[in-house]
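I set out to record the overall build of this chain and then its charged pairs. The entries follow the order in which I looked things up.

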Amino acid sequence: MNIAVVDSGLRELSYAEAIREAMDIALATDPRVVLMGEDIGVYGGAFQVTGDLIDKYGPDRVMDTPISELGGAGVAVGAALTGLRPIFEFQFSDFATLAMEQIVNQAAKLRYMLGGAVSVPLVMRFPAGSGTGAAAQHSQSLEAWFGHVPGLKVVQPSTPQDAKGLLLAALDDPDPVMIFEHKLLYKMRGPVPEGAYWVPLDKAEVRRTGTDVTVVATGIMVHKALEAAEVLAGEGIAAEVIDLRSIRPLDRDTVLASVRKTGRLTCVYEAVKTLGIGAEVSAMVAESDAFDYLDAPIVRLGGADSPIPYNPDLERAVVPQVPDIIAAVRDQARGAL
Amino acid sequence: MPTEVILPKVDMDMTSGRIVTWHVAEGAVVSQGAPLFDIETDKAAMEVESPASGRVHHQAALGIEVAIGTVVAWIYAEGEAVGPPPEHVTEKPVPRTSTADAPRQIAVPHTDLQKPRATPAARKAARDLGLDLATVSGTGPRGRVMRGDVGPISGLNAESGTLAVIRDGGTRGVPLVLLHGLAGDRYGWEPLMAELPSSQPVIRVELPNHGTSARMRADGFSDVLRQLRNTFDTLDCGPVHLVGHSLGGALALGLSDTRPRQVARLTLLAPSGLGPEVNGPALDGLIGATRAESLGPWLKALVADPDLMTPSFVEAAMRLRQDASLRAAQAQMAAVLFPDGTQAMDLTSALDRLEMPTRIIWGRRDRIVPWKHALRAPGRVSLNLFDNVGHLPHIEAAAAVARFLMPADQEVLSGD
């Protein structure tokens, strides 16, 4: 389903406000929807995404859970299994490590284990990524871990509009959907249609068309890639920027069509480069008929094989930045690799 | 394993050469970087440096024609056993010659024992065309055959080849490829061509929406550059001396940046792309003029000496601009490339990166693009500023510009 725009006016919301609006719409229109998470009630959430929804819907539908991610996630899985539509928020995506049993062994597997007799319509939200000076245990990008688990869907909205539409689509899905939200995007503003609309969970979006190099980016890297593409355009290099949006499932058609056109692929993602999403996208291209169109080695730009450092200069240095993307795409377009 | 020494490609037409001197005797010691042998081609003699240190064995005979890429000696490390010449199996870096003018990329040819290095796109194109990749000379890194080396890219881009290409002169030597500026066309190069020897190969390319090239909507600089690159890729003439004037200069920079191995030398005449300022009203006036009376004053703004723009010249220029669709297409292009009287493209970093010999020629009385943009050029770029010249050095100082375009040996001939 494409974006059903009720009102395409120029109203702008922040990414956090767009997510809150999606939850507000869901709470108002579907009595099965409940919010769960640590400090999402009176405190409004670690990143103030839930805000004052508790005032509107009360503590029965906006529930503070104890400081046990495993316990909270277990309750959410059980609630989803028995008829509710929970949206569970982790304070930091890093804390998902504590809830892996519930996510990987229960939420993702129950439909399969019980022969299709049940489903787990659970939505989980993960504030992720570096750039906030929160150091190694609060700055990771673990989305690829979840992308490795059949039974889960994993999306990474890069704009306020997608943040709202993907959350509403996730609630409509009968199976567990993991939403990775980059913390630095929460304050980013952009146009957001009013009312309910749904952004498909399995479609990438071409954010900028170009003919020379395909740049496949996720999350906040979409914006860095677009900035790089703007600079490169001034030099005569036309980069096509694809916002992958969903890393499970991958939108194979959009990526392959672009690579067939440009013959060059650069993948940009913040998570650790090794064994990451760029490896999967590269392999997908190499295994397809689009391979025959490649006219330069594939490039992956990802995070360094390092924990995220606390020192702000080092924190920037371990993840791809705009000049890195410019240099890589330029070298590819020049045939210098 | 000893290091192989191969006959390098030292000029672009070269397919074979003769060794005329060994600087190191058979079995003697040589250090890496020291002169090892001299080769002679149809055109020149070159000294080749040793790629490694050690003892030289299995030297090829003097005076015999050998193909480039042939192993002409082996260098053994001190103490390494010297047997019969080893098989030529591995691809090794090609020794660089000491000649500054040699093309930066030295093509590595393919022998029976090595699979050609080629991109998947090049392999598919060769399969489709029934072509043996081993017969294609690769222009990519380490001799890699790229898609463009196999043949013109058709089908991929239906618009390719829609730019007008006019070839003049002989076939020997490095061709000059001339790119005119906004609102220009092929005829603007005639005063310059009159100063070149008639044997000099010259290829004029008309930009999209100019002259007899196709009319097409341009959405930005990269769009225009892509059109140009598609045509450039089909020229099939080996490395060129690329010359661009004004907007053609910015495009020449972009083209050199993305096709560095196909451009042996670059000359920029009052190029755009090196700073934001441009005379917007003059561009609008030139493009929008519908009659000689309104075109004349703007043509005079192009040159230092307004008397160059005689009434008959202005009339002739206006006749070439009678077509309203051409003027409209150029106006659309100008609005995209020079919005609000600003140069939207920025080629300064491209100029910093380029490695081929580059010269910028500018008139100090240019009233269209400030000549001081030339001062952004890095130190390796030659700069020639003319005192009583405006925006058209190739017309106002045609003879002097022509001399800069000729290689030294031909310059002498042209004086005959």
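I took a contact to mean heavy atoms within 4.5 Å. The model I examined is predicted. Among contacts in chain A between residues at least 6 apart in sequence, I found that 82% join residues at least 24 apart.

**Entry: overall build.** I looked up the secondary structure and noted 12 helices and 14 strands in chain A. The radius of gyration of chain A is 20 Å, close to the 20 Å given by the globule rule for 337 residues, so I recorded the chain as being as compact as a globular protein of that length. I read the spans of the C-alpha trace along its principal axes as about 60 × 45 × 45 Å.

**Entry: surface and burial.** Of the 337 residues in chain A, 58% are buried. For the accessible surface of chain A I noted about 13,000 Å², with 57% of this area belonging to carbon and sulfur atoms.

**Entry: charges.** I counted 29 positive and 44 negative side chains in chain A. The centres of these two sets lie 3 Å apart. Over all chains, the count of salt bridges comes to 36.

**Entry: A:Arg189 and A:Glu17.** I found a salt bridge between these two residues, with the closest N and O atoms 3.6 Å apart. The pair links distant parts of the chain, since A:Arg189 lies in strand S8 (residues 189-191) and A:Glu17 in helix H1 (residues 15-29), 172 residues apart. A:Arg189 is partly exposed at 47% relative accessibility, and A:Glu17 is also partly exposed, at 29%.

**Entry: A:Arg207 and A:Asp243.** I noted a salt bridge between these side chains at 2.8 Å, N to O. A:Arg207 belongs to strand S9 (residues 205-208) and A:Asp243 to strand S11 (residues 239-243); the two are 36 residues apart, and the pair links distant parts of the chain. Is A:Asp243 buried or exposed? With a relative accessible area of 0%, A:Asp243 is buried, because buried means under 20%. A:Arg207 has a relative accessible area of 28% and is partly exposed. I then followed both residues into a network of salt bridges that links A:Asp162, A:Glu205, A:Arg207, A:Asp243 and A:Arg245.

**Entry: A:Arg208 and A:Glu230.** I recorded a salt bridge here, 2.8 Å from N to O. A:Arg208 is in strand S9 and A:Glu230 in helix H8 (residues 221-234), so the pair ties together parts 22 residues apart in sequence. A:Arg208 is partly exposed at 24%, whereas A:Glu230 counts as exposed at 51%.

Technical notes. Residues are numbered from 1 along each chain as its sequence is written. Chains are lettered from A and ligands numbered from 1 in the order in which they are written. This is a predicted model: local features need pLDDT of at least 70, side-chain atom pairs count only at pLDDT 80 or more; totals for chains, interfaces and linings use all residues. Side-chain values use heavy atoms; hydrogens and water are left out. Helices (H or I, at least four residues) and strands (E, at least two) are DSSP runs, numbered from the N terminus. The radius of gyration is taken over C-alpha atoms; the globule rule is 2.2 Å times the number of residues to the power 0.38. Buried means under 20% relative accessible area, exposed over 50%, partly exposed in between (1.4 Å probe, protein chains only). Accessible areas come from the Shrake-Rupley method with a 1.4 Å probe; for residues, only the protein chains shown count as cover. Lys and Arg count as positive and Asp and Glu as negative; His and the chain ends are not counted. The place of a charge is taken as NZ of Lys, CZ of Arg, CG of Asp or CD of Glu. A salt bridge is a side-chain nitrogen of Lys or Arg within 4 Å of a carboxyl oxygen of Asp or Glu.
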